Amino acid sequence: MKIALVTDAWHPQVNGVVRTLETVTSILRGWGHELLIISPDQYPSLAAPSYPEIRLALTRARSVGRRIAQFAPDAIHLATEGPLCLSARRWCRRNKRPFTTAYHTQFPEYLAKRTHLSPRIFWHYIRWFHRTSQAIMVSTDSVRQQLIKERLPQVHHWGRGVDLDNFCPDKPVPKLFGSLTRPIQLYVGRVAVEKNIEAFLNTDQPGSKVVVGDGPALDSLRINYPEVHFLGRKSGRALAGCYAGADVFVFPSKTDTFGLVLIEAMACGTPVAAFPVTGPIDILTERSGAMSDDLNLAIDAALRLDPEACLRRASQFSWQLSARQFVDGLVPMKPQQTAHLSRRFIAKAIMART
């Protein structure tokens, strides 16, 4: 198919949404699908307040719609709820084109952390944005149930995967780890307020704490927690080595819908400690992770788990299956709608030239 994918999350952002879209679109192209990616780096943009890594595109529905019409896609997918996808949504609604959406992040909770307002305020926008979507793609059963409760029943399962060739136990461990007191407790991800990293750093388990990642909260955490080892952003073999060298992976976030880092850690044979919230409760088993409202207890229990059980659990997640689920969730336009897009764009181009 020809698939138009509009997203407010794209390079140079580093997060689970970007990695998911990048991996799945690469697989789809390998299968012969043709994709149009519309992302913030293609437009003038502003930095998001308190989060300069995230760029907010400055554009209009007409501009985004012009590119979609020229491409004449068989299906349109809006990956996020930001301004770029908002423009695409407006164009689709205006031109009566079906589209699908995805719910990647606990957006209301994310904004509540940053604004100190109630999450319920932001659910009004989430319901409005997704209500006319033909299908809302979600990664876990917990999110499916949550959206149904929020009167958004048109959900479709779109799981996640892990690159087992890169994330495995035999990757070289950072030299630093050889000098650290065991057990090594690791966090990987964005260093931002919504990730609740302080809950991990405030635990009193013996051993060493390591944080891998970058973000707006990094400088303040370095000052407030001088005993913690902050390694900055890692990727590829270097990231896999951090997972493989740790004794436990700690996931303190309560705002994620999935958490790719969970299965990356397990793929390296590292058990997970987390709160019993959306994401961990859908991914972890009793043998691959420990969950508790007291993160100290979760860490203590996770340290006793068998790495082999973690490997077996991680092997159940496939990017190939994720890509297939994504394609299955798309809602193709009727042939006459696709043809109409092409004719309309050609007619406007001819008029512009004359």
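**Close-up 1. Glu150 and its partner Arg120.** Glu150 counts as buried at 8% relative accessibility, where buried stands for a relative accessible area under 20%, exposed for over 50% and partly exposed for values in between, computed with a 1.4 Å probe on protein chains only. Glu150 forms a salt bridge with Arg120, and the closest N and O atoms of the pair are 2.7 Å apart; the term requires a side-chain nitrogen of Lys or Arg within 4 Å of a carboxyl oxygen of Asp or Glu. Because Glu150 lies in the loop between helix 6 (141–149) and strand 8 (155–157), while Arg120 belongs to helix 5 (residues 119–130), the pair ties together parts that are 30 residues apart in sequence. Helices (H or I, at least four residues) and strands (E, at least two) are DSSP runs numbered from the N terminus. Arg120 is partly exposed, with a relative accessible area of 43%, and a network of salt bridges links Arg120, Arg127 and Glu150.

The model is predicted, and local features need pLDDT of at least 70, side-chain atom pairs count only at pLDDT 80 or more, and totals for chains, interfaces and linings use all residues. Residues are numbered from 1 along each chain as its sequence is written, and side-chain values use heavy atoms, with hydrogens and water left out.

**Close-up 2. Asp141 and Arg144 in helix 6.** A salt bridge joins Asp141 to Arg144, with the closest N and O atoms 2.8 Å apart. The two residues are 3 residues apart in helix 6, and therefore Asp141 and Arg144 are separated by about one helical turn. Both ends of the pair are partly exposed, Asp141 at 37% relative accessibility and Arg144 at 33%.

**Close-up 3. Glu194 and Arg190.** Here the salt bridge between Glu194 and Arg190 has its closest N and O atoms 3.3 Å apart. Glu194 is buried at 1% relative accessibility, and Arg190 is also buried, with a relative accessible area of 16%. A search of the whole structure finds 8 salt bridges.

**Close-up 4. Glu264 in helix 10.** Glu264 sits in helix 10 (residues 260–267) and is buried, with a relative accessible area of 5%. The side chain of Glu264 makes a polar contact with the side chain of Tyr243 at 2.8 Å, a polar contact being a pair of N or O atoms within 3.5 Å, of which, within protein, one must be able to donate a hydrogen and the other to accept it, while residues adjacent in sequence count only if both atoms are side-chain atoms. Leaving aside residues up to four places away in sequence, Glu264 touches Arg19, Val162, Phe167, Leu239 and Tyr243, where contact means heavy atoms within 4.5 Å.
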